[in-house]
Amino acid sequence: MGKGGGCVPSKKRQPSSAEGSATATATTATNNAPIEADEETHETARVAVNPTNAQSVTATLKIFIVYYSMYGHVEKLAKRMKKGVDGVEGVEAVLYRVPETLPADVLDHMKVPSKNPEVPEIKAAELAQADGVLFGFPTRFGCMAAQMKAFFDSSGQLWKEQTLAGKPAGFFVSTGTQGGGQEATAWTAITQLAHHGMLFVPIGYTFGAGMFKMDSIRGGSPYGAGVYAGDGTREPTETELGLAEHQGKYMAGVVKRLCQA
């Protein structure tokens with residue numbers, strides 16, 4: 001039985017002894033006869049099933065890039081990551097930002113720029129619509145920022161129903177210093193995925209030579225893309241952006257293989 005082909009009755013039924021002689025005398029005539037009606041019906045049934053199967057394979061897969069960005073560093077990685085996802089045929093990235101939890105007066109005091117109005121806020125329940133998710137956030141003492149943690153804390157119903165179980169997910173981060181948690185921030189976030197039953201997808205060293213560059217400061221790790229923000233004025237380098245694009249492309253390939261398996 002082929003994939004999606006349904007159960008097709010055998011066309012090799014052996015004739016009974018009573019039918020034997022009648023079948024033998026008609027051999028010459030049937031050799032040149034057209035396709036039997038039952039065979040034609042079977043062929044029609046297979047053709048009717050195939051378009052549905054093909055449609056399920058070619059449907060566009062969705063990867064949600066869900067992030068929190070205070071000064072824009074994580075958002076820049078997210079946008080470049082989307083480019084990587086969109087470059088894979090049959091896969092599309094959708095950008096979302098998690099809700100802000102700090103009051104407006106505090107944000108003004110911290111000189112935080114206004115949020116990008118073109119990127120909508122996401123509610124936890126919407127994660128169920130994704131085929132894969134990439135979460136991005138800055139670090140706070142080696143852990144994800146409170147805004148992203150609050151978002152995960154709002155996903156209790158999804159956890160209760162294990163709606164996200166089996167969905168692939170990855171991380172990308174921003175830190176202020178070289179020892180600020182490029183690996184630890186992603187590592188401590190894995191607990192969120194574990195409780196949801198999600199599949200953590202690190203990039204390893206698949207970026208190739210770019211992962212081994214020592215001639216300049218570079219964020220990112222085998223856990224995922226990363227950027228050094230410094231005091232907030234440092235911009236992501238092309239290597240850091242390239243790693244983000246690679247992670248998007250890599251995740252798209254993983255999601256595509258899983259969904260077509």
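**Note on E75 and helix α4**

1. E75 sits in helix α4, which spans residues 73-86 (helices are DSSP runs of H or I with at least four residues, strands runs of E with at least two, numbered from the N terminus). The model is predicted: local features need pLDDT of at least 70, side-chain atom pairs count only at pLDDT 80 or more, and totals for chains, interfaces and linings use all residues. Residues are numbered from 1 along each chain as its sequence is written, and side-chain values use heavy atoms, with hydrogens and water left out.

2. E75 has a relative accessible area of 17% and is therefore buried (under 20%; exposed is over 50%, partly exposed in between, with a 1.4 Å probe and protein chains only). Beyond its neighbours within four places in sequence, E75 contacts Y67, S69, N116 and V119 (contact means heavy atoms within 4.5 Å). Its C-alpha atom is 9.9 Å from that of Y96, 21 residues apart along the chain.

3. Helix α4 packs against helix α9 (residues 238-260) at an angle of about 45°, with the axes 7 Å apart (axes are lines fitted to C-alpha atoms over the stretch in contact; angles run from 0 to 180 degrees between N-to-C directions).

4. Of its 261 residues, 39% are buried. Among contacts with a separation of 6 or more, 75% join residues 24 or more positions apart.
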